Amino acid sequence: MNPSDPDASRFRSTSTDGRGERDLDDLLIYVARGDQAAFEAVYDRLAGPVYGVVRRVLRDPSQSEEVAQEVLLEVWRTAARFDPAMGGAATWVMTIAHRRAIDGVRASTAAAEREQRNAEINIPRDEVAEAVEASLDRERVRRCLDGLTEIQRESITLAYYGGYSYRQVADLLKVTLGAIKTRIRDGLIRMRDCLGVS
Amino acid sequence: MRLLRQDMHALTGAYALDAIDRAAERERFTRHVNGCSSCASEVRGFREVATAMAFAAALEPPPAMRAEVLAAVARTRQVPPEVRTHARPRRSRAWVPWLSGAVAAAGIVIAVLFGFAQAHTQHELNTARAQDQSLAAIQARTVRELDQARNQDQLLAAIMAAPHVRVLSQRSASGGAAVVLLASVRHQLIVATSGLPRLPAGKVYQLWLIGPVKVVSAGLLPAQVSGQTAPVVASDVTHGDRLGLTVEPAPGTRQPTTTPIIDLPV
């Protein structure tokens with residue numbers, strides 16, 4: 001498998017939306033067979049979101065880079081375990097990425113450091129502007145988040161981008177555990193409908 | 001404490017966002033989802049929402065990252081697909097839980113660990129392997145004559161004498177097994193192996209402490225003597241680490257380049 005395979009162009013994305021789920025699922029099947037050119041195409045599509053979400057959770061650039069590398073290598077290593085019946089390829093990869101980032105947070109003993117971040121719980125809008133693609137996703141997600149109640153939006157962004165557990169979110173927002181579980185779930189249901197996720 | 005089903009169901013959101021930090025609670029919910037198709041489909045939908053949020057957070061990765069990942073890919077073996085069978089569930093490790101310092105001090109010895117010094121047990125071990133005994137049997141066989149071994153080495157003696165020493169073992173898919181004595185309070189462990197495949201020239205067995213963020217080399221296994229390797233001590237073991245063993249080009253590498261043949265949570 002030659003990484004500079006001239007035939008690699010066959011894997012270039014032809015899809016116009018940011019994610020091209022169908023293509024990615026196919027690419028991963030090739031990756032599972034050891035096709036490095038297919039992996040390069042997967043990398044080019046997913047390295048930005050992987051690095052972005054890990055960085056959002058961990059904040060530290062060098063730790064984020066390290067974790068993002070681990071995630072992408074994990075995708076290569078375990079591509080054969082990807083099961084399209086359980087969701088699309090992008091979702092599979094982002095689930096791995098977020099989980100690894102969370103593992104990094106929970107392993108970190110620098111709890112005090114994290115406390116300082118409590119102040120900056122909302123998504124900094126200018127940071128979003130650094131994004132790779134001025135993607136449809138960014139606008140859609142922003143619009144859908146804006147459609148939530150404040151407590152739904154805060155609990156979802158704290159949990160997903162902030163890497164907090166629902167217990168910590170409940171504590172930060174001064175609501176009960178039962179209430180926070182419901183807010184997160186209700187918020188995600190609204191997001192799902194707003195984003196048009198099937 | 002039992003959760004009402006309704007309560008349980010409300011966790012789908014937190015679960016999909018990896019926001020359940022207590023392992024027991026997460027595992028319980030995973031089991032629940034496996035038996036609840038409406039929960040599973042809700043979690044799937046929420047994960048797609050999360051995916052959109054990840055794409056919305058996309059950032060240009062550092063430029064050097066691409067070449068580094070592709071280089072790592074070129075030297076990393078992939079795991080095979082999981083072929084599902086109806087065979088009994090595989091148990092990858094056996095435990096002698098919480099072998100206390102007192103028991104250890106009572107004179108239990110790890111004969112496999114110290115096989116290099118215990119040539120007279122070699123015949124027995126070969127017999128054991130030939131009969132393909134259970135991992136528990138191999139492990140039990142290794143747990144012997146501790147006093148002699150600890151007399152030979154102060155560090156080993158100190159580790160073995162620590163409170164709450166645990167003995168773990170794992171059979172390698174490529175043959176052989178590793179036995180680990182874990183002294184959590186000292187953040188140290190002792191590894192020895194038995195019956196690992198002989199390596200071609202220019203290859204070594206390398207140990208790793210695999211943390212959630214970093215993978216750190218824990219040294220090379222010494223050359224095999226009669227199919228066994230002398231004990232290796234690893235320090236700075238932290239909770240949540242896994243002990244990995246890989247085959248690497250001599251004289252070892254900075255990061256693992258192959259799939260571990262032993263991967264044991266410690």
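The model is predicted: local features need pLDDT of at least 70, side-chain atom pairs count only at pLDDT 80 or more, and totals for chains, interfaces and linings use all residues. Residues are numbered from 1 along each chain as its sequence is written, while chains are lettered from A and ligands numbered from 1 in the order in which they are written.

**Interface.** Chain A places 70 residues in contact with 49 residues of chain B (contact: C-beta atoms, placed from the backbone, within 7 Å). On the chain A side, the elements giving two or more residues include α2 (36–58), α3 (61–78) and α10 (177–195). Helices are DSSP runs of H or I, at least four residues, numbered from the N terminus. By class, this side has 33 nonpolar, 16 polar and 21 charged residues. Ala, Val, Leu, Ile, Met, Phe, Trp, Tyr, Cys and Pro count as nonpolar, Asp, Glu, Lys and Arg as charged, and the others, Gly among them, as polar.

**Confidence.** Chain A has a mean pLDDT of 81, with 74% of its residues at 70 or more. pLDDT is the predictor's confidence in each residue, from 0 to 100.

| Stretch of chain A | pLDDT | Contacts in the model |
|---|---|---|
| Residues 1–10 | below 50 | 12, beyond near neighbours in sequence |
| Residues 118–134 | under 50 | 20, beyond four places in sequence |

**Helix pair.** The axes of α9(A) and α10(A) come within 9 Å and cross at roughly 105°. Axes are lines fitted to C-alpha atoms, for helices over the stretch in contact, and angles run from 0 to 180 degrees between N-to-C directions. α9(A) and α10(A) are therefore roughly perpendicular (65 to 115 degrees). α9(A) contributes Y166(A), R167(A), V169(A), A170(A) and L173(A); α10(A) contributes L177(A), I180(A), K181(A) and I184(A). Seven of these residues are nonpolar, none polar and two charged.

Definitions and conventions. Contact = placed C-beta atoms within 7 Å. Parallel < 35°, antiparallel > 145°, perpendicular 65-115°, else oblique.
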